[in-house]
Amino acid sequence: MSDRAADPRADADHDGGTAAAARVTRRQLLGTAGTAGIVGLAGCADRRYRSRTDCSAITAAASDADGYVPLPADDGTSMFRRGLRRYGYYPEETVPDAVRVDWSFSTNRIGHTAAKSTPRPTPDGETVLVASDTGRIDAVTPTGEKRWHLETGAGRSLGFHGTPAIVDGTAYIGGYDGALYAVDIASGDLQWRTTAREFGGAIAIGSSPAYVDGTLYLLAEYSDPASGTLWAVDAATGTPVWSDDRLWGMPHPSPAIDCEAGRLVTGSNDGVVYCWEFPSLEFAWSFQAGGEGGPDGKSMAGGRFNLGAQIKGTIPVYDGAAFVGSWDGRFYRLDLADGSEEWSFDTGDVVMSNPAIDPEAGIVYVGGDDHHVYALETDTGEELWSADVDGHVIGSITATAETILVGSYDTHLYALDRETGDQRWRVANRGHVTSGAIPRDGRIYYAERGVFSNYYADEETILEEPGRAYCLVADE
């Protein structure tokens with residue numbers, strides 16, 4: 001294990017000409033300057049050691065493919081929402097007509113309502129990584145046998161809510177302690193840890209890293225004022241090599257990257273979609289959700305933004321567009337070239353799920369607090385069907401060749417017919433199902449939140465039952 005707090009490279013101390021210094025300088029300015037002095041601040045971009053990322057292999061794989069392929073098209077890489085474009089699409093997997101629980105184990109014990117980490121199979125399918133809100137990572141076989149577990153410093157806060165990116169036998173995941181971890185999948189050993197201090201005093205990393213050509217891209221959260229930073233990190237060493245701290249609100253989404261369009265996109269709690277050119281990382285555009293003039297909710301960060309249009313879900317990128325759900329109740333298609341709105345669909349309630357996209361049919365699937373999952377045409381936003389799942393949908397939606405998998409606050413995992421939205425089956429669980437459901441080789445992996453009493457009351461919150469990680473198999 002190498003803790004980068006003790007790494008000689010950290011002794012440059014990030015106090016002069018570094019990403020941390022850029023962040024501190026901006027925060028100091030924002031904390032001391034008058035309103036007139038901060039209007040022009042557009043964010044500080046720091047480029048310490050970064051070399052230009054090579055996207056050519058990814059764009060070549062996309063152009064050479066006969067039909068859909070997850071990107072990067074690399075047998076050694078796996079990440080949240082199945083790739084850089086964050087589609088959540090598994091056309092080669094078949095969901096059984098009936099299922100049963102093959103195994104489960106306790107994993108989540110924290111009441112934080114953010115969606116829980118999604119279990120992630122390794123590219124060869126031989127190991128499943130389950131990260132929990134206690135700061136523990138479990139590695140199990142597909143049949144549920146324990147390989148190893150690792151307790152981390154994230155257990156001193158709210159643990160893990162992001163999902164590991166897996167590259168050539170290493171898992172990368174950020175914690176709610178503001179640190180980034182690299183773990184050897186074969187042994188469970190910690191390879192390196194980049195501390196919150198090295199991320200300029202981050203309080204949390206809830207986003208799931210994107211990986212391109214030796215570099216990880218992720219978002220970190222900050223308080224006082226509520227804000228965020230996009231970071232680029234050397235995957236081999238954990239060294240932060242670039243950052244841009246222009247984001248307001250504490251960003252939860254994971255960055256999506258479209259190498260063909262040359263764009264990196266994410267959103268934040270200020271209701272803004274942020275877009276950078278990729279791989280140059282020059283800032284391209286922003287889009288404010290919440291209607292004309294933006295949202296009119298509670299003022300935050302000294303009046304620098306208002307709540308009411310938070311963007312919590314990861315934004316998939318497809319067909320030259322970004323697909324965005326907002327707490328303003330709308331689901332948007334934005335032009336990746338300039339951020340202009342091409343259409344929006346009004347659900348009438350908060351939208352914070354991670355949508356799935358079927359790129360071959362041109363359909364996007366999204367859920368929200370109105371208890372419904374919608375199938376929309378990506379070109380027009382026209383509703384094809386909707387399905388009532390009896391509870392909020394805040395986690396990740398998964399699309400397969402025939403089925404949509406979605407977890408609900410009603411404690412069930414649903415399998416919906418992809419063509420009609422009709423319910424194929426549902427499985428009862430204990431807590432809210434807020435992770436994604438991942439189909440792999442006839443098995444379905446997912447996790448739930450713990451069961452709590454008094455969570456929304458003034459009394460002490462009590463954990464009644466831990467949330468569990470599950471594996472479903474065909475009930476033959």
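Asp441 counts as exposed, its relative accessibility being 57%, where exposed means over 50% relative accessible area, buried under 20% and partly exposed in between, computed with a 1.4 Å probe on protein chains only. The structure is a predicted model, in which local features need pLDDT of at least 70 and side-chain atom pairs count only at pLDDT 80 or more, while totals for chains, interfaces and linings use all residues. Residues are numbered from 1 along each chain as its sequence is written, and side-chain values use heavy atoms, with hydrogens and water left out.

**Charged pairs**

The side chain of Asp441 meets that of Arg440 in a salt bridge, a term that requires a side-chain nitrogen of Lys or Arg within 4 Å of a carboxyl oxygen of Asp or Glu. The whole structure holds 17 salt bridges, and the table gives some of them.

| Salt bridge | N to O distance |
|---|---|
| Arg440 and Asp441 | 3.3 Å |
| Arg418 and Glu419 | 3.7 Å |
| Arg430 and Glu465 | 2.7 Å |

**The chain as a whole**

The protein chain contains 3 helices and 39 strands, helices being DSSP runs of H or I with at least four residues and strands runs of E with at least two, numbered from the N terminus. Of its 476 residues, 62% count as buried. The accessible surface comes to about 17,200 Å², with 44% of it belonging to carbon and sulfur atoms, as computed by the Shrake-Rupley method with a 1.4 Å probe. Contacts, meaning heavy atoms within 4.5 Å, were also sorted by separation: among those between residues at least 6 apart in sequence, 52% join residues at least 24 apart.

Cys55 is buried at 9% relative accessibility, and Cys259 is buried with a relative accessible area of 12%. The count of disulfides is 0, a disulfide being a pair of cysteine sulfur atoms within 2.5 Å.

**An open antiparallel sheet**

An open sheet is formed by 4 strands in the order E17-E18-E19-E20, with antiparallel pairing, where two strands pair if DSSP finds at least two bridges between them. At its edges are strand E17 (256-258) and strand E20 (283-288), each of which pairs on one side only. From one strand to the next the twist averages 20 degrees, with axes fitted to C-alpha atoms and angles running from 0 to 180 degrees between N-to-C directions. Strand E19 (residues 272-277) is joined to E20 by 5 bridges, and Tyr274 has Ser286 in E20 as its bridge partner.

**Arg50 in its loop**

Arg50 sits in the loop between strand E1 (45-47) and helix H3 (56-64). Leaving aside residues up to four places away in sequence, Arg50 touches Tyr217, Val241, Trp242, Pro279, Ser280 and Leu281. The C-alpha atoms of Arg50 and Val241 are separated by 5.0 Å, although these residues are 191 residues apart along the chain.
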